[in-house]
Amino acid sequence: MSNTEKRASDALEALDVLGRVPRLGGVFGALVNVLDRLLATIAGLMLITIAGVVILQILGRLILPAAPVWTEELSRYLFIMMIAVSAGLVMRRGKHISLELFHHRFGVRGACLYQLLISVVLVGFAWLIVPYAWQYASIGAFQTSPALKVSMQWVFGATVVLFAMVILYGVIGAIEAVAGLVGLSRRDKATPAGERR
């Protein structure tokens with residue numbers, strides 16, 4: 001690895017504040033990892049399907065006398081659901097858009113406190129929104145999509161899925177942050193005062 005690549009890698013690592021929060025181990029950590037892989041697989045399959053549907057639409061416009069009308073609708077609905085399913089993964093991996101003004105100054109304890117604060121705020125917000133998202137989704141029971149003739153309840157239900165994922169991964173983030181803080185406190189108590197940094 002060249003010097004420039006090393007500096008770029010170190011700079012990116014310094015910006016990944018939430019990466020400093022220790023992940024949970026044991027059975028709970030294994031279950032969360034399985035859930036992560038499952039949701040990532042579902043989102044990936046949806047993305048591949050979107051690509052296939054869009055290619056079919058392009059080929060239909062070029063080759064066929066008329067392109068299938070359902071392709072645009074299906075790709076739109078898959079895109080919406082893919083975002084809803086992967087919202088929690090984005091939160092967990094810290095890949096969402098964020099303004100990082102002072103985060104690079106946090107140590108592990110500061111990163112844990114920051115993750116706990118953000119998780120609590122997001123869970124609280126999503127908890128307030130879920131009933132309205134459910135109400136919005138239930139409106140779709142009276143409508144069907146024009147081309148696919150699918151109940152719009154399934155499409156509008158993506159909002160419920162999205163906020164449910166935010167709640168689930170917000171709770172996971174809060175648990176990891178608290179576990180990280182408890183682990184740091186135990187380590188500080190076990191370490192003699194002269195050896196602490």
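Visitor: What makes residues in helix 2 count as buried, and which ones are they?

Guide: Buried means under 20% relative accessible area, exposed means over 50%, and partly exposed is in between, with a 1.4 Å probe and protein chains only. In helix 2, the residues that are buried are G29, V32, D36, L39, A43, M46, I50, V53, Q57 and G60. Bear in mind that this is a predicted model, where local features need pLDDT of at least 70 and side-chain atom pairs count only at pLDDT 80 or more, while totals for chains, interfaces and linings use all residues. Residues are numbered from 1 along each chain as its sequence is written, and side-chain values use heavy atoms, leaving out hydrogens and water.

Visitor: What makes up the secondary structure of the chain?

Guide: Six helices and zero strands, in the order α-α-α-α-α-α. Helices here are DSSP runs of H or I with at least four residues, strands are runs of E with at least two, and numbering starts from the N terminus.

Visitor: Why is the pair F125 and F163 called edge-to-face?

Guide: Rings of Phe, Tyr and Trp (its six-membered ring) pair if their centres lie within 6.5 Å; planes under 30 degrees apart count as stacked, over 60 as edge-to-face and the rest as tilted. The centres of F125 and F163 are 6.3 Å apart and the planes sit at 70 degrees, so edge-to-face it is. F125 is in helix 4 (residues 108–139) and F163 in helix 6 (residues 158–190), 38 residues apart.

Visitor: Why is F125 called partly exposed, and what makes F163 buried?

Guide: F125 has a relative accessible area of 46%, so it falls in the partly exposed range. F163 comes in at 17%, so buried is the word.

Visitor: Why is the pair Y136 and F156 called stacked?

Guide: Their centres are 4.6 Å apart and their planes are at 25 degrees, so this pair counts as stacked. Y136 lies in helix 4 and F156 in helix 5 (residues 152–156), so parts 20 residues apart in sequence are tied together.

Visitor: Is Y136 buried or partly exposed, and how do you know that F156 is buried?

Guide: Y136 has 39% relative accessibility, so partly exposed. F156 has 14%, so it is buried.
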